[in-house]
Amino acid sequence: MAKLSTKEIIDALKEMTILELKDLKDAMQEEFGIDINAVAVAAPAQGGAEEAEDAAKTVVLKDAGAQKIAVIKVIREITGLGLVEAKGIADKGGNIKENVPADEANQIKAKLEEAGATVELA
């Protein structure tokens with residue numbers, strides 16, 4: 001079996017749905033005997049307001065609005081989720097995408113708001 005480069009692995013991960021990524025995480029935990037959730041993350045460096053603006057954001061759906069079908073379509077486009085999963089988020093609200101660059105988060109927010117949703121960045 002040929003060894004995959006880091007770029008090839010990352011490219012493959014980008015094409016996976018959230019559910020597929022969860023299954024991969026679970027399989028890796030079982031195979032390697034590690035708890036991915038226990039990995040320590042360094043605290044962000046103290047910076048100015050400019051660094052805070054560029055920090056990773058979480059796109060949170062507060063309300064799907066009157067055009068729920070259009071919002072579900074956008075959620076599926078952004079996340080790669082199936083219809084049932086996307087409808088669940090549209091019905092209950094919640095995180096659409098986590099830890100994305102501020103500019104990408106603003107683009108996602110604009111798409112969802114254009115479809116009629118109420119969105120905030122956290």
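## Overview

The protein chain holds 6 helices and 3 strands. Helices (H or I, at least four residues) and strands (E, at least two) are DSSP runs, numbered from the N terminus. The elements follow the order α-α-α-β-α-α-β-α-β from the N terminus on.

This is a predicted model: local features need pLDDT of at least 70, side-chain atom pairs count only at pLDDT 80 or more, and totals for chains, interfaces and linings use all residues. Residues are numbered from 1 along each chain as its sequence is written, and side-chain values use heavy atoms, with hydrogens and water left out.

Of the 122 residues of the protein chain, 21% count as buried. Buried means under 20% relative accessible area, exposed means over 50%, and partly exposed lies in between (1.4 Å probe, protein chains only). Contact means heavy atoms within 4.5 Å. Among contacts in the protein chain with a separation of 6 or more, 64% come from residues 24 or more positions apart.

The 3 strands form an open sheet in the order 2-1-3, with antiparallel pairing. Strand 2 and strand 3 are the edge strands, and each pairs on one side only. From one strand to the next, the twist averages 20 degrees. Two strands pair if DSSP finds at least two bridges between them. Strands of a sheet pair through backbone hydrogen bonds, either parallel or antiparallel.

Strand 1 (residues 57-63) and strand 2 run antiparallel, joined by 4 bridges. Lys57 stands opposite Val100 in strand 2. Strand 1 also pairs with strand 3 (residues 118-121), in the antiparallel sense and over 4 bridges. Here Val60 faces Glu120 in strand 3, and Asp63 stands opposite Thr118 in strand 3.

## Strand 1 and Thr58

Thr58 lies in strand 1. Thr58 counts as buried because its relative accessibility is 15%.

Leaving out residues up to four places away in sequence, Thr58 touches Asn95, Lys97, Glu98, Asn99, Glu120, Leu121 and Ala122.

## Asn99 in strand 2

Asn99 belongs to strand 2 (residues 94-100). Its phi is near 55 degrees, a positive value in a residue other than glycine. Most residues other than glycine have a negative phi. Asn99 is exposed, with a relative accessible area of 60%. Asn99 is also one of the residues that Thr58 touches.

## Helix packing

Helix 5 (residues 83-92) lies across strand 1 and strand 2. Helix 5 runs at about 105 degrees to strand 2. Axes are lines fitted to C-alpha atoms, for helices over the stretch in contact, and angles run from 0 to 180 degrees between N-to-C directions.

Helix 4 (residues 68-79) packs against helix 6 (residues 102-114) at an angle of about 155 degrees, with their axes 8 Å apart. The two helices are therefore roughly antiparallel to each other (an angle over 145 degrees). Their crossing is right-handed, meaning that the near helix is turned clockwise from the far one by less than a right angle.

From helix 4, Val71, Val74, Ile75, Glu77 and Ile78 meet Ile108, Lys111 and Leu112 in helix 6. These contact residues divide into 6 nonpolar, no polar and 2 charged. Ala, Val, Leu, Ile, Met, Phe, Trp, Tyr, Cys and Pro count as nonpolar, Asp, Glu, Lys and Arg as charged, and the others, Gly among them, as polar.

How values were computed
Angles under 35 degrees count as roughly parallel, over 145 as roughly antiparallel, 65 to 115 as roughly perpendicular and the rest as oblique.
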